[in-house]
Amino acid sequence: IPLHMRFAVQDHRIIGTNRALERLLGLREEDLLGRPVESLYQKESVYIHFASKAHLSFEAIFNTGSGVPLPLLFKRSVLTGGDAQPFGYMVFLTDLTELKQAQEDLRRAEARYRGMYENAAQGMYQSTLDGRLLRVNPAFARTFGYDQAELLGQPGGAKTLYANPEDRHRMGADLKKHKVLTNYELELRNREGKPVWALVNARLALDRRGAPFIEGILVDNTEKRLADEKLRRSRERFRYLANHDSLTDLFNTRYLYKVLDQLIQDSKASGEPFSLVF
């Protein structure tokens, strides 16, 4: 049964209620009849949805018999007599407790998400398919030596961050094909033009209008990549020094014995002689 009450046009005093409203407010009929309707709610809490001469709709916090405040939606319509003159109002009220709780839960969830987004150690971003940055977190901006506003204001957007423009097109094509990319390695450039090696985890998403955009997490892999490159060069150097003299860069004795054994085996197999000069 809809919660409702009626009150007079002249003094806005309540002239009728139903049991459902009385139970919700925790008040008896005699507590309500004759009271100004404005005395039921906290005026400072009023949020008006719509107002006209014939109708009024607003949210407000209502006072209850138990003292527990109650959020209600107040919808008022004018009552007219046979002479078409208004003599009162009919009001329908809707309990907004569950809705307000859901909104509060959503607000807290959004606040937690914003906190995680702003304080995440990894770079997080959103961009259009043509490279315009929509949103970046502080970690993403710091990776490239910018602050958030500067990076979002870059005329070229994400395009300016790629060391090789064709990498962006390649990534875009792979993302359109697979919808999700995991640990996708890219060579990028920071504000000073220095290399930034990144692992990107991205997905193709849709906004409210159905337009596609890229949403991703970027992990700065530069230090590991440089360490791996240094290790690779060291290994190559060690392999080189194993067979070459460090002073003359000529082949050393170790290499001689290895190659000489192979020459002897090849000579025996083919029956062809070979010469060795010292």
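Me: Where is the place of Asn137?
Reply: Look in the loop between strand S8 (133–136) and helix H4 (138–143). Helices (H or I, at least four residues) and strands (E, at least two) are DSSP runs, numbered from the N terminus. This is a predicted model, in which local features need pLDDT of at least 70 and side-chain atom pairs count only at pLDDT 80 or more, while totals for chains, interfaces and linings use all residues. Residues are numbered from 1 along each chain as its sequence is written, and side-chain values use heavy atoms, with hydrogens and water left out.

Me: Does Asn137 count as buried or exposed?
Reply: Buried means under 20% relative accessible area, exposed means over 50%, and partly exposed is in between (1.4 Å probe, protein chains only). Asn137 has 0% relative accessibility, so Asn137 counts as buried. Between Asn137 and Gln122 there are 8.8 Å, C-alpha to C-alpha, and the two are 15 residues apart in sequence.

Me: How do I read a pocket, and what space lies in the largest pocket?
Reply: The general idea is that rolling a probe the size of a water molecule over the atoms shows where empty space is left. On a 1 Å grid over the protein atoms alone, a cavity is a set of points where a 1.4 Å probe fits but cannot get out, whereas a pocket is an open set with protein on both sides within 12 Å along at least five of seven lines; lining residues have an atom within 4 Å of a point. Grid points are joined across faces, edges and corners, and a volume is the space filled by probe spheres set on the points. Here, the largest pocket holds about 300 Å³ of space.

Me: Which residues lie nearest the centre of the largest pocket?
Reply: They are Ser127, Tyr162, Arg168, Met171 and Ile214, out of 22 residues that line the largest pocket. Two or more lining residues come from each of strand S7 (123–127), helix H6 (165–178), strand S9 (180–189) and strand S11 (212–220). H6 gives the most, with six residues.

Me: What classes of residue does the lining of the largest pocket have?
Reply: For the classes, Ala, Val, Leu, Ile, Met, Phe, Trp, Tyr, Cys and Pro count as nonpolar, Asp, Glu, Lys and Arg as charged, and the others, Gly among them, as polar. The lining has 15 nonpolar, five polar and two charged residues.

Me: Which residues in H6 are buried?
Reply: Asp167, Arg168, Met171 and Leu175 are buried in H6. Seen down the axis of H6, these buried residues fall within an arc of 100 degrees, so they line one face of the helix. The arc is that of the directions from the helix axis to the C-beta atoms. On the other side of H6, Pro165, Glu166, His169 and Lys177 are exposed.

Me: How many salt bridges does the structure hold?
Reply: A salt bridge is a side-chain nitrogen of Lys or Arg within 4 Å of a carboxyl oxygen of Asp or Glu. The structure holds 17 salt bridges. In one of them, Asp167 pairs with Arg170, with the closest N and O atoms 3.1 Å apart.

Me: Why can residues three or four places apart point the same way?
Reply: An α-helix has 3.6 residues a turn, so residues at that spacing point the same way. Asp167 and Arg170 are three residues apart in helix H6, which separates them by about one helical turn. Asp167 is buried at 12% relative accessible area, while Arg170 is partly exposed at 37%.

Helix H7 (residues 222–243) has Asp228 and Lys224 four residues apart, about one turn of the helix. Their side chains meet in a salt bridge (3.1 Å, N to O). Also in helix H7, Glu236 and Arg232 are four residues apart, and their salt bridge has its closest N and O atoms 2.5 Å apart.

Me: Which residues are linked with Glu236 in a network of salt bridges?
Reply: Glu229, Arg232 and Arg233 are linked with Glu236 in that network.

Me: What is the phi of Lys179?
Reply: As a general idea, most residues other than glycine have a negative phi. Lys179 is not a glycine, yet has a positive phi of about 70 degrees. Lys179 lies in the loop between H6 and S9 and is partly exposed, at 47% relative accessibility. Asp249 also has a positive phi, of about 65 degrees, and is found in the loop between H7 and helix H8 (253–270).
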